[in-house]
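Welcome! Please take a look at the structure first.

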Amino acid sequence: MSHTTTVTTFADEVKAIPGGENLELCYACGTCVSKCMIQQKVEPDYNPRRLLRMVMMGMREEAFQSPTTWMCSECDLCYPACPQEIHISKVIGAVKKLAVEAGYTSPLIPVAVDETLCSGCGICVMVCPYQAPSLFEKEVDGKTDRFSQVDPNKCMGCGTCVAACPLGAISREGVSNAEIALQISDMEKAPPVLTVFICDWSLRVDDDLTILENYPEELVNVVHIPCTGRIDPQHALMALDSGIQGVLVCGCKPGECHFKRGNHVATCKMSLLDTMLGQMALPQDNVRFIKIGTQDRGRIKHEIEDMLDTLGVEKEAA
Amino acid sequence: MASKPKIAFYWAASCGGCEISVTELGMGLVDLSEKVDIVFWPAAMDFKYDDVRLMDDKEIDICFFNGAIRNSENEEIAHLLRRKSKTMVAFGSCSHLGGIPGLANMYDIESLCQRVFDTSPSLDDSRGVRPQAVTKMPEGEITLPTLYDHVKFLAEVVDVEYYMPGCPPVVDQIRAVFESILKGELPPIGAVIGADAKSVCDVCPREKGEPGFRITEFKRPHEVQLDPNKCFLTQGVICCGPATRAGCGIPCLTGNMPCRGCYGPADGIVDQGAKMASVIGALIDTDDPEKLGKILDTIVDPAGTFYRFGLAHSIMSKMKYE
């Protein structure tokens with residue numbers, strides 16, 4: 001018996017996956033690269049245009065090893081900019097699917113579940129923008145118990161599940177509950193006036209970050225989080241409880257979240273906290289959530305100065 | 001032969017349900033009374049405060065103190081019982097976390113009194129009389145305890161060795177705690193007793209939510225036909241189970257009602273209500289950002305819902321009254 005063999009190219013494989021079909025519309029103009037925050041902030045070698053080209057040229061191994069394949073968080077800032085209307089993150093997703101099938105693994109640091117703390121409530125499963133967590137059952141001491149597990153190839157490390165996990169069972173290196181608590185309050189020092197929780201993606205230019213970091217530490221304490229989806233209203237209250245006068249949570253403008261929905265989740269959480277502070281007849285203006293857009297260069301300075309004004313602090317040269 | 005342990009029960013600002021729960025031991029109470037001496041239990045037997053005042057310091061082995069601290073009498077007796085007891089147990093939600101009375105910490109005392117004594121719809125009294133701490137009568141002065149400006153939990157006014165949560169603590173846990181007392185097997189001081197470490201979700205058999213499930217509208221339990229097999233959150237009904245300590249035996253869930261949070265924050269939670277806001281906020285459907293406000297508006301009384309039994313114990317209450 002003879003088989004009819006059809007030569008399937010790498011590009012054909014990608015195109016066969018839903019989302020990958022528009023691959024060949026790309027004429028490599030590079031507009032996507034100019035919109036990409038990963039390329040600008042984290043990884044100069046990150047380049048969707050190049051990845052799509054690699055696929056079309058059959059460079060399978062190179063594509064599977066490219067940071068572009070793994071780091072795309074589907075923020076889709078490039079999608080509306082593409083003159084060919086290619087949903088680029090979907091094409092990258094198709095490449096990633098093939099890479100995982102071929103045994104490659106994500107270089108990103110995923111969240112980790114501590115089963116001794118996990119109650120198997122499934123909150124993480126529901127809130128994750130990437131469907132990375134799932135529940136599984138296993139026998140513990142002769143009884144069936146339920147736990148969460150995280151697919152490290154799907155997790156983008158945004159921390160939305162870390163903040164939503166009721167028992168602190170999910171954590172991510174650098175932004176576990178304990179690590180954030182330590183950053184909020186240093187028992188050795190007098191509390192700063194203002195604590196700023198800053199999303200790693202919300203300040204698009206280094207100048208803005210420099211402004212933020214240059215405030216004296218007795219005035220402004222900066223806590224870096226991967227996304228405002230990581231914000232836990234508990235941390236805002238713990239900050240105020242430790243003597244800090246104001247809390248500023250700084251995230252991205254609607255539609256510009258690096259992790260799809262983190263800034264909207266933060267809106268909901270901070271809004272609930274605001275309502276509760278109001279119900280308790282406590283001041284509400286010293287806990288703020290601001291959303292900085294890609295075009296809002298320099299705005300962080302004004303927001304901090306305004307907050308310090310509200311808190312009655314003399315402005316210092318920053 | 002060693003003498004029987006001396007046990008005291010007292011209620012401060014509470015409904016009395018915690019002590020009803022003790023009486024649910026039924027005939028077990030008879031057995032218990034053979035193994036311990038109940039030296040003070042005003043709700044069940046005729047004891048006077050002076051009976052306690054006449055005791056030696058630390059004469060009582062274990063005092064089960066239920067109820068919050070709402071007035072000067074509550075606090076005075078808390079101090080008295082503390083002095084007379086070797087071990088103090090904050091018994092039930094009110095004593096542990098402020099409980100339902102602690103919800104009053106959302107309001108100032110004048111507006112509370114206005115509501116209770118002037119504007120309550122069930123009131124038929126046009127005299128505008130308010131109880132006073134001191135009232136002069138022809139025969140002399142009569143006094144009432146002074147109402148505090150806010151509700152406190154027991155550990156705010158005296159040292160507490162153990163916390164036994166629940167509104168009320170369920171009888172099975174009460175029985176288990178008495179057994180461990182009689183065996184001399186109490187855990188290290190400061191522990192929560194008669195409860196689990198993890199949350200209600202750990203023991204809830206309901207089907208959990210699918211990946212990506214989001215809430216588009218919150219409903220109160222009476223507004224929806226609840227599926228007894230599915231997680232309440234997936235039905236848009238707020239359930240405090242994720243942030244609440246297990247150990248109650250889930251009577252509410254079994255009765256197809258969501259967890260109200262009475263066993264307090266599970267291990268790993270600093271502030272139960274803020275944690276609930278962190279959980280619920282992340283579950284809201286964010287596909288249409290324009291609608292977030294509308295969805296949030298369907299959460300009736302967030303502070304009262306997320307901190308139903310623990311507002312007095314919350315960081316917000318501490319910030320307000322310290």
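A residue is called buried under 20% relative accessible area, exposed over 50% and partly exposed in between (1.4 Å probe, protein chains only). This is a predicted model, where local features need pLDDT of at least 70, side-chain atom pairs count only at pLDDT 80 or more, and totals for chains, interfaces and linings use all residues. Residues are numbered from 1 along each chain as its sequence is written, chains are lettered from A and ligands numbered from 1 in the order in which they are written, and side-chain values use heavy atoms, with hydrogens and water left out.

**Overall count**
- The whole structure holds 28 salt bridges over all chains, each a side-chain nitrogen of Lys or Arg within 4 Å of a carboxyl oxygen of Asp or Glu.

- Arg204(A) and Glu256(A) form a salt bridge at 3.9 Å, N to O.
- Arg204(A) sits in the loop between strand S5 (194-199) and helix H11 (206-214), and Glu256(A) in the loop between strand S7 (246-252) and helix H13 (262-279), so the pair ties together parts 52 residues apart in sequence.
- Helices (H or I, at least four residues) and strands (E, at least two) are DSSP runs, numbered from the N terminus.
- Arg204(A) is buried, at 12% relative accessible area, and Glu256(A) is buried at 12%.

**Partly exposed partners**
- Asp296(A) and Arg299(A) meet in a salt bridge at 3.0 Å, N to O.
- Asp296(A) is partly exposed at 24%, and Arg299(A) is partly exposed at 24%.
- In chain B, Glu110(B) pairs with Arg130(B) in a salt bridge at 3.4 Å, N to O.

**A network**
- Asp285(A), Arg288(A) and Asp306(A) are joined in a network of salt bridges.
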